[in-house]
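Take a look at the model below.

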Amino acid sequence: MRTQVGIVGAGPAGLVLSHLLHLQGVDSVVLEARTREYVQERVRAGVLEQNTVDLLTEAGVGERMCREGLVHHGIELRFRGRGHRIDFHQLTEGRAITIYAQAEVVRDLIDARLAAGGTITFEAADVSIHDLDGPQPLIRFRKNSESAELYCDFIAGCDGFHGICRPSIPPGVLSVYERTYPFAWLGILAEAAPSSQELVYSYHDRGFALLSMRSQQLSRLYLQCAPDEDVENWPDDRIWRELRTRLACDGWKLIEGRIVQKSIAGMRSFVVEPMQYGRLFLAGDAAHIVPPTGAKGLNLAVADVRVLADALSEFYCSGNRELLNHYSESCLRRVWKVQRFSWWMTSMLHRFDSDNAFDRRRQLGELDYVTSSRAAAQTLAENYVGLPMEKMWKNNC
Ligand code: RFL
Ligand code: PHB
């Protein structure tokens, strides 16, 4: 088999890349380790920044998102039992976020790729990548126990944090920048109407809590917990009790319902530099991870592949490798700004066991500042709705 761009991973990065390349006349094949059902149902992110919404819409895959997504013009920061609204609309000249589950984005993209005759090989086993620094890299894999080879011009490593692409780069090439956090998030999905119109980020002495949602009938809620926490230690009544305590606010009541999903996710900041080696380009979680407090992981993955799609289509149109050569540099400027924002939101809102009373007072001082100074609120708002893209995706030909 042969293709122009071999893409490892059918998450948001791999699927958006494949779709954008198709729109620009570049052929790709996507290899995914899991089943179609698994990737379409995996509970992950929920917040799309304006750039992501605009890109999906312009690329023709935003129809259901526009119909079913919930547009929010602000978020609430809650501390000392009081809520404070950050008004995105006013602070960012009308920009907004859209609540639309990552699983739905993935479903829409898979439908679009398959409807256009694109190839996504699900349940591709033992994927390995070869000859990255030669003229024709190769992907080997197994499908239904049969070995297969895919020759490509380029490989896009969109296989997430635990994928095989990043570790296939020879030792000594990559620099790793990393921080782990001494806590995790316990996340639930509950059949309950959202208790608030907008997302609520709550700072509490017992730890951080977040109220989010998926629809008018489905709430998504998170609790800061120990990094090695066992989900078995969190029966439903303990979760609701803790959420009621940490989200408590004058005149407000938490709406509860049947919990249909429960999971624990660790928190990490991670970047590799560069994001490319020979003819391999890393994108999304394969190259960087942010803690979820800023709701940025999916959005950053989409921003990377917008740059990569542009660079690849430029190469196929004119033979010019300039954009490809600068792929890593172009992405990393945004990556580090988003890393800073995600780290800052995480540091401001979580309880660190190593902190003393001074540190907690300082966190409250920071929350007070962010919610009372227009300049500080605007800084949060412009990052949350998404910093401007440096270069808009366009058809170069
Ligand atoms: P993905 O989604 O992990 O997709 C990688 C795909 O590669 C496949 N794969 C392989 N395929 C073939 N061969 C192999 N050897 C393979 N190894 C792996 C995997 O099966 C998978 O299908 O990476 P991608 O595309 O870079 O997308 C990144 C996002 O998924 C991630 O950053 C976000 O979910 C992070 N995130 C959030 N991001 C946001 O923008 N907004 C949010 O509100 C938000 N909330 C969150 C989040 C992540 C969370 N967790 C679970 C850490 C909330 C949480 C709790
Ligand atoms: C979510 O709805 O899953 C969500 C919302 C905001 C975040 C992280 C996750 O910061």
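In this predicted model, ligand 1 is surrounded by 34 residues. Glu32, Arg42, Arg44, Gln102 and Leu298 are the closest. By class, the shell divides into 18 nonpolar, 9 polar and 7 charged residues. Two helices, H1 (12-23) and H8 (297-318), each supply at least two residues of this shell. H8 gives the most, with 4 residues.

Now follow the polar contacts. A polar side-chain atom of glutamine 102 lies 2.7 Å from an oxygen atom of ligand 1. The backbone takes part too. A polar backbone atom of alanine 13 is 2.9 Å from a ligand 1 oxygen. For glycine 46, a backbone N or O atom lies 3.2 Å from an oxygen atom of ligand 1. Taken alone, ligand 1 exposes 1000 Å², and the protein buries 86% of that.

Next, the backbone itself. Most residues other than glycine have a negative phi, and most peptide bonds are trans.

Proline 274 sits in the loop between strand E17 (258-273) and strand E18 (276-277).

Glutamate 123 counts as partly exposed because its relative accessibility is 46%, between the limits of 20% and 50%.

With 64% relative accessibility, serine 145 counts as exposed, the cut-off being over 50%.

Conventions: Residues numbered from 1 in each chain as written. Chains lettered and ligands numbered in written order. Predicted model: local features only at pLDDT ≥ 70, side-chain atom pairs only at ≥ 80, totals over all residues. Heavy atoms only, no water. Near = heavy atom within 4 Å. Polar contact = N/O pair within 3.5 Å; in protein donor to acceptor, adjacent residues only side chain to side chain. Areas by Shrake-Rupley, 256 points an atom, 1.4 Å probe, with all protein chains shown as cover. Nonpolar A, V, L, I, M, F, W, Y, C, P; charged D, E, K, R; others polar. Buried < 20%, exposed > 50% of the residue type's maximum accessible area, 1.4 Å probe, protein only.
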